[in-house]
2 protein chains.
Amino acid sequence: MTLTQLECFVLVARLGSVTAAARALGVSEPAVSSTLGALRQHLGDPLLARGPTGMELTSAGRRLVPIASEMIHLGAEAQATVRQARGAAPELRILASSTIAEYVVPSLVDTFTKKNSASEATVGVATAAEMQAFLQERLADVALGPKLTGDGSVQLESQPVMRCSLQLLTSPRSRLAGARGLCATALTDVDWLVDPAGTDPSSPVFQLIGKLRVPDKRVLVLPSQTAALAAAADDDAGIAPAVTHLAAGEVRRNSVVPIDVAGFPLPMLWHVSTLASDRSSRTAWSFRRFLTTPTATQIMLQPSRGVSPGRFKPPVYVTLWN
Amino acid sequence: MTLTQLECFVLVARLGSVTAAARALGVSEPAVSSTLGALRQHLGDPLLARGPTGMELTSAGRRLVPIASEMIHLGAEAQATVRQARGAAPELRILASSTIAEYVVPSLVDTFTKKNSASEATVGVATAAEMQAFLQERLADVALGPKLTGDGSVQLESQPVMRCSLQLLTSPRSRLAGARGLCATALTDVDWLVDPAGTDPSSPVFQLIGKLRVPDKRVLVLPSQTAALAAAADDDAGIAPAVTHLAAGEVRRNSVVPIDVAGFPLPMLWHVSTLASDRSSRTAWSFRRFLTTPTATQIMLQPSRGVSPGRFKPPVYVTLWN
DNA sequence: GAGCCGAATAAGCGATCGGTTATCTGGGCG
DNA sequence: CGCCCAGATAACCGATCGCTTATTCGGCTC
């Protein structure tokens, strides 16, 4: 019985699927499957079995979850405690959607750690479901992205920190560029150029694609928002959904232009989420408060220039820090 | 960071020495040393350093102990919980001094599990220091042997369950056999045939040997008390300290005879120890209560015949059950 | 009944674990 | 001063871990 096995188990239990857990951990599905298999054999119980709504816990599995979860948490705490005892800065583990991670997290972290010199940040990219699981397992301290609700058993606090909007952008020379009052159905037979956050089922972009019934082959996932915008700048390459103020620079330079579609720009909110204050780390809490300050708002409005396409090393999926 | 590493660390911290921890775990000293080294490297702190009174915790190590201890405990609890959820009998992990393990534990366990069919026992041999460490780490549920005091931080409950005495036995044809009113100094130039419990610094036998200043080369550690008595039965092989009522059969058969030394038979007590009732498992508590019943006393007075020498597979040192 | 999707299994690979014996090192102590 | 003891290190070995790709299995849907 290793901590890795328990981590796998808990993640599968929380996310309801081996595949999702594998993606969250950034490994292949068989890796998780076999790790889970080892734990099953060791404990002599299937722990999880396929059910109509994903993997469902057996009676033994249900009792194991809280214990395993606590062990994992203590593992992280052990590391943090030793770090602190040695006088090192406490670490702040931040999760963000790929878009936010790309444009605003670096400068936010920069400013925060300068202000609050006693902390050291690591950043990972995750989907909303992963954020929720990781926060609940205390494998991350704070998440930036869509609103998280918690799953009832563990309370998450999610608070809006930025009001912004979504636009659809395309090349100024595209046939869509000049059109007025476009109908949504006209958008289903062009390529959609999205960043990794567009694959998160709870992201506005994903939901938009779903609502419009854009066929899968029309959705191209690029490694970053910057790359998506660069691709959209090519004539007739397709359309790129983007956060208005983050793409403002590209629009000003006229490399892309907004498409006029009813309902756009689509308003949206960025949220910051942590565990309830009494279970959250002091540093996480302090970072969260920082995000509501005007300084942080300024930073989020004036994004660091997106990393040039190809240079943006996609952290792709989060690695666990232990 | 593995559970094994944490286990090593905690055990070294509790026992105050790498060597002692290695013995408790039944492995070589370098095994523990290097496992500890791996943890040190992983956490970037020495955790423990040599001090005048054994290994001493660094500040980081001091904070790590309770966390690591809790993780280990949760590991054991995870297994127990899953076992129980599957409907299996809860397990009872018993530690005993080698003498007690040899003569009375098997029948005690037999009777107890028959009475209390919902439990399954495993037995290990340990010294008093190991018993204390294992109980505190909840790596064992109950210990049978000398009185344990606890080390202040964790409270152990130790209760006498058997009043008995220690005799010195030798071959009826030995030159010591007939002597009357022997002086203790006469005993330092014969071989002492002791069982593994005689190597436990807190055992009466060990203390006796120390008080008499018997030279090390005069002390022969045999794999069991039965073996020691068999050896003592040889002419002039030496003397074997033994619990009076356990050796009664051998004495009745005249294969060995008691030596007449002032102060002998030396009274002694067997104790049963557990964690305080609120932290101890139900099964452990129930076993402990069982030991105070007349049934259990009867069993302890009428030992199962010692296993024949050589056939007694010495569990030597306890294995951790996880 | 055929196809599909997600989990499980197979096979293989390199790194690490956990263990051994033998040796080195560094502090008390006679 | 040199011995001795206990911890650290070296060198080595086999088992397991953790991960991969490819394939098989089992339910569901059409």
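**View 1. Strand β6 of chain B and the strands that pair with it.** In this predicted model, in which local features need pLDDT of at least 70, side-chain atom pairs count only at pLDDT 80 or more, and totals for chains, interfaces and linings use all residues, strand β6 (residues 156–170) of chain B runs antiparallel to strand β11 (residues 266–275) of chain B, and 10 bridges join them. Residues are numbered from 1 along each chain as its sequence is written, while chains are lettered from A and ligands numbered from 1 in the order in which they are written. Two strands are said to pair if DSSP finds at least two bridges between them, and the helices (H or I, at least four residues) and strands (E, at least two) named in these legends are DSSP runs, numbered from the N terminus.

View 2. Among the buried residues of α7(B) are Glu130(B), Met131(B), Phe134(B) and Gln136(B). The cover over them includes α1, α2, β3 (91–96), β5 (142–145), β6 and β11 of chain B. Just after α7(B) comes Arg138(B), which lies in the loop between α7 and β5 of chain B and has a phi near 55 degrees, a positive value in a residue other than glycine. Is Arg138(B) buried or exposed? Arg138(B) counts as buried because 23 other C-beta atoms lie within 10 Å.

**View 3. Arg213(B), another residue with positive phi.** Arg213(B) is not a glycine, yet its phi is positive, at about 60 degrees. Arg213(B) is found in the loop between α8 (204–212) and β8 (219–221) of chain B, and Arg213(B) is exposed because it has 9 other C-beta atoms within 10 Å.

View 4. In chain A, a cis peptide bond joins Phe264(A) and Pro265(A), with omega about 0 degrees, and Pro265(A) lies in the loop between β10 (257–258) and β11 (266–275) of chain A. In chain B, a cis peptide bond joins Phe264(B) and Pro265(B), with omega about -5 degrees, and Pro265(B) has its place in the loop between β10 and β11 of chain B.

**View 5. The contact between chain A and chain B.** Residues are in contact if their C-beta atoms, placed from the backbone, lie within 7 Å, and the contact between the chains takes 24 residues from chain B and 24 residues from chain A. Helix α4 (residues 59–85) of chain B gives the most to the side of chain B that touches chain A, with 16 residues. A rotation of 180 degrees with 0.0 Å of shift along its axis superposes chain B on chain A, with an RMSD of 0.1 Å, and that is the relation of a two-fold axis. The superposition is made by least squares on the C-alpha atoms of residues with pLDDT of at least 70 in both copies. The same surface serves both copies, since 100% of the contact residues of chain B recur in chain A. Of the residues of chain B, Met71(B) comes closest to the rotation axis, at 2.8 Å (C-alpha).

View 6. A residue is near a strand if its C-beta atom, placed from the backbone, lies within 6 Å of it. Around DNA strand D there are 21 residues, of which Ser28(A), Pro30(A), Ser17(B), Thr19(B) and Pro30(B) come nearest, and α3(B) gives the largest share of this surface, 6 residues. Around DNA strand C there are 22 residues, of which Ser17(A), Thr19(A), Pro30(A), Ser28(B) and Pro30(B) come nearest, and here α3(A) gives the most, with 6 residues.

Definitions and conventions. Contact = placed C-beta atoms within 7 Å. Buried ≥ 20, exposed ≤ 12 C-beta atoms within 10 Å, placed from the backbone.
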